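Good morning, and thank you for the time on today's agenda.

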Amino acid sequence: NANVHSLLAGGNSALQVLQSNMDQAVCLDLTGISLSQALYYVSNGTPVYVEMKSGPAVLAGYSSSNVSIYHPEKGSYESMSLAEAEQSIAQAGSIYIAYVK
C-alpha cells in the first residue's frame with residue numbers, strides 16, 4: 001500500500017522501497033545476473049523488478065521463447081522475446097531485484 005512513485009521520486013532506490021515494505025521477506029539485489037537466472041525466481045512465484053531501456057518493469061511470467069513484462073507506470077503487460085528482454089535489461093544496467101520469504 002506504499003506510494004512507490006513518490007518514494008522513488010524522493011530518492012529511494014527500488015531495493016530500499018521493497019525492503020521498507022516487505023517485513024516478512026529477504027530482499028535481494030541481483031544486479032548483474034542474467035535474465036535466465038532471474039527467471040528462476042519467477043518460476044518459484046516471485047515477480048522480479050527490473051530496469052529496462054523503457055523504464056522500470058516487473059518480470060511476471062515466461063515461456064520457452066517469451067517473457068511477460070508488467071509496466072506499472074502504464075498498468076499494462078507486454079510479451080517480449082527472451083533475447084529482446086535481455087538486451088533491454090542489459091542496456092539499463094542489468095538491475096534485478098527479487099525477494100524470498
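This is a predicted model: local features need pLDDT of at least 70, side-chain atom pairs count only at pLDDT 80 or more; totals for chains, interfaces and linings use all residues.

Which residues lie nearest the centre of the largest pocket? They are Val4, Val17, Leu18, Tyr49 and Val58, out of a lining of 22 residues. Residues are numbered from 1 along each chain as its sequence is written, and side-chain values use heavy atoms, with hydrogens and water left out.

Let me define the pocket. On a 1 Å grid over the protein atoms alone, a pocket is an open set of points where a 1.4 Å probe fits, with protein on both sides within 12 Å along at least five of seven lines; lining residues have an atom within 4 Å of a point. The largest pocket holds about 640 Å³ of space, where a volume is the space filled by probe spheres set on the points, and grid points are joined across faces, edges and corners.

Which elements build the lining? At least two residues each come from helix H1 (4-9), helix H2 (14-21), S2, strand S3 (55-62) and S6. Helices here are DSSP runs of H or I with at least four residues, and strands are runs of E with at least two, numbered from the N terminus. H2 gives the largest share of the lining, four residues.

Six strands form an open sheet in the order S1-S6-S2-S3-S4-S5, with antiparallel pairing; two strands pair if DSSP finds at least two bridges between them. S1 and strand S5 (76-81) stand at the edges with a single partner strand each, so one side of each has no neighbour in the sheet. On average, neighbouring strands are turned by 30 degrees against each other, direction ignored; the axes are lines fitted to C-alpha atoms.

Let us follow the sheet across. Strand S1 (residues 26-29) and S6 pair over four bridges, with Cys27 opposite Tyr99. S6 also pairs with strand S2 (residues 48-52), over two bridges; here Tyr49 stands opposite Ile97, and Val50 opposite Tyr96. On its other side, Tyr49 faces Val58 in S3. S2 and S3 form a hairpin with two residues between them, and they pair over five bridges. Further along, S4 and S5 pair over six bridges, and Val67 is set opposite Met80 in S5.

Are the residues of S6 mostly buried or exposed? Four of the five residues of S6 (residues 96-100) are buried, so this strand is largely enclosed by the rest of the structure. Buried means under 20% relative accessible area, exposed over 50%, and partly exposed in between, with a 1.4 Å probe and protein chains only. In S2, too, four of the five residues are buried, so that strand is largely enclosed.

In soluble globular proteins, nonpolar side chains tend to be buried together. A nonpolar core is a set of buried Ala, Val, Leu, Ile, Met, Phe, Trp, Tyr and Cys residues joined through side-chain atoms within 4.5 Å. The largest such core has 18 residues, of which Val48, Val50, Leu59, Ile69 and Tyr96 touch the most other members. The largest share of this core, five residues, comes from H3. A second, separate core of eight residues includes Leu18, Ala25, Ile97 and Tyr99.

Ser94, in the loop between H4 and S6, has a positive phi of about 55 degrees although it is not a glycine. At 19% relative accessibility, Ser94 counts as buried. Glu73, in the loop between S4 and S5, is exposed at 63%, and its C-alpha lies 8.1 Å from that of Pro56, 17 residues apart in sequence. Lys101, in the segment after S6, is exposed at 80%.

Note on methods
Axes are lines fitted to C-alpha atoms, for helices over the stretch in contact, and angles run from 0 to 180 degrees between N-to-C directions.
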